[in-house]
Amino acid sequence: MIDFSLTKDDLEIIENYKNFTQEHIIPNAAKYDVSTEFPWPIVKEAYKAGLMNGPIPKKFGGNGYNIFQSCLSSEELGAGCVGIGISIDANTLALTPLLLAANADQQKRFFGEINEQQAVAAYCLTEPNAGSDVAGIKSTAIKKGDKYILNGHKRFITNAEVAKFHTVFALTDPSRGARSLSAFVVPVDLPGVEIKPHLQKMGQRASVQNEIIYTDVEVPAENLLGSEGYGFPIAMKTFDRTRTGVAALSVGVARAAFETSRDWAKNRIQFGKPIAANQAIGFMLADMATEIELARLITWKAAWYYEQGLKTPGTLSAMAKMYASDAAMRVTTDAVQVMGGDGYSTEFGVEKMMRDAKLCQIYEGTNQVQRVVISKGILK
Ligand SMILES: Cc1cc2nc3c(=O)[nH]c(=O)nc-3n(C[C@H](O)[C@H](O)[C@H](O)COP(=O)(O)OP(=O)(O)OC[C@H]3O[C@@H](n4cnc5c(N)ncnc54)[C@H](O)[C@@H]3O)c2cc1C
C-alpha cells in the first residue's frame, strides 16, 4: 500500500515553517523585492527559530531533516517568497558537499563555524564559460607545499557577498580537465578573494548573486573535500539531493499564486457574478490545482526514493525539478491572467511570483539540462 500520511514530526515542520513564513517572510517579501538586499534580519530570525540548515545533522547544529522533510520546509518558504526562501536554502546547497565528502574534522570545524556564527555559505560552480557545461570549468587550484593556489572566475553565485566561506570547484591538474575537478572550502577573508557587486535581475530579488575573482588565493590543503579529482561526483551528487528542494520551492510559489487567484476569482464580480462562476476561469483554476498536486507528488516521490536508497534518485529529482518548476511557471502565469489588471499590478504579489518562478526553470541546471539528465537515466 502507498501511504501519503505525514508523521507528527513532518506536520510539526510544516507548522513551524508556515508560522515563520507568515510572521517574517510574507510581510517583508515586497520590500526585499524592491531593495534587492540580502534579507539578513530574516535569516537571523530563522537561526533564532532553529529553522536554518535543516538537513545538516543535529550533532553539527542543524535539524537533521531527511530529504523529504527538507521538501516540506522548502514548500512553505517558497509559498512565502522564493527569493528569501533560496537565501535560506542556498546554505544547504553550499553545505551539502561537506555533508557528502568532508572528513570528521572538517565537518566539526566548518559546520560549527556556520552554526555558531549564524553565518551563510555559497556554492561556487558556475563560470563565464561553464554554465550548463560544468566540465568546461577553468578555475585552477594547484598544489604548492601545504597550500592550493586558487585562480579563477565564478559567476551567478548565490549568497557570495554575505558568505563566511565559499565551496569552490576548481581543477587541480588542468591537463586532466574535469577529471581533476576538486572541491575546496575557501574562507572569504583570504587575500585574493574579490567579490563584485550583486547582479540585478528579474525575480527572486531578495536573493543575491555575485561574480567572484580568485587571484592567487592560498587555500590550506586541509580544506580540500574528499580527494583530488572527486569534485565532479560531489557536484552532481549535491544536485541529486538539492534539486528536490528547488522542486519544493516551485510547488510553494505555485500554491501561493493559485490560492491568491482562487480567492480573488470567488470575490471579483463581473457581469453580475463572481468571475469563478465562468467555466473559463473555473477550468483554469482546476488545471492549476491539478498541476500543483502532480508537482508535489513527483517531488515527494523523488525525495522518498533518495531516502530509501533506491535506484536512479538523480533521474527522479531531475524530473521533479523540471516538472515542478515548469508547473510553477504555468500556474503563476495563469494566476496573473485570472486576476486581470490586478494580477499584473504589484499590489497583490502574483506578478512577483511569476517573475520568481521563472528562475526555478534556470538554476541548479536549466530544465533543458534536466532533460539531458533524465534521458541519460532512462536510456542507461
Ligand atoms: C539567480 C541565479 C542564481 C544562481 N546560483 C548559483 C549558485 O549559487 N552557484 C552556482 O554555481 N551557480 C549558480 N547559478 C548558475 C546556474 O546554475 C546557471 O545559470 C545555469 O546552470 C545555466 O547556465 P548558463 O546561465 O551559463 O546558461 P547556458 O549554459 O549558457 O545555457 C543557455 C541556454 O542553452 C541551453 N543549453 C545549454 N546546453 C544545452 C544542452 N546540452 N542541451 C540543450 N540545451 C542546452 C540552456 O538550457 C539555456 O536555455 C545561478 C544562476 C542564476 C541566474
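**Stop 1: two helices**

Start by selecting helix α4 (residues 67-80) and helix α5 (residues 82-101): their axes come within 6 Å and cross at roughly 145°. Axes here are lines fitted to C-alpha atoms, for helices over the stretch in contact, with angles running from 0 to 180 degrees between N-to-C directions. Helices are DSSP runs (H or I, at least four residues), numbered from the N terminus.

Before going on, a word on what you're looking at: this is a predicted model, where local features need pLDDT of at least 70 and side-chain atom pairs count only at pLDDT 80 or more, while totals for chains, interfaces and linings use all residues. Residues are numbered from 1 along each chain as its sequence is written, and side-chain values use heavy atoms, with hydrogens and water left out.

Now show the side chains where the helices meet: Ser-74, Leu-77 and Gly-78 in α4 touch Val-82, Gly-85, Ile-88 and Asp-89 in α5 (contact means heavy atoms within 4.5 Å). Sorted by class, that's three nonpolar, three polar and one charged residues. In this scheme Ala, Val, Leu, Ile, Met, Phe, Trp, Tyr, Cys and Pro are nonpolar, Asp, Glu, Lys and Arg are charged, and the others, Gly among them, are polar.

**Stop 2: the domains**

Zoom out and color domain 1 (8-116), domain 2 (121-229) and domain 3 (232-379); these bounds come from an automatic or database domain assignment. Keep domain 1 and domain 3 on screen: their centres, taken over C-alpha atoms, are 20 Å apart. Here 26 residues of domain 1 are in contact with 27 residues of domain 3.

How much area do domain 1 and domain 3 bury between them? About 2300 Å², 69% of it on carbon and sulfur atoms. Buried area is the accessible area (1.4 Å probe) that two parts lose on being put together, summed over both. Pick out Ile-67, Glu-75 and Val-82: they supply 29% of the area domain 1 buries against domain 3, more than any other three residues.

**Stop 3: a salt bridge**

Between domain 1 and domain 3 there are four salt bridges (a side-chain nitrogen of Lys or Arg within 4 Å of a carboxyl oxygen of Asp or Glu). Select Arg-355 and Asp-33, whose side chains pair up at 2.8 Å, N to O. Arg-355 sits in helix α11 (residues 350-360) and Asp-33 in helix α2, so the pair ties together parts that are 322 residues apart in sequence.
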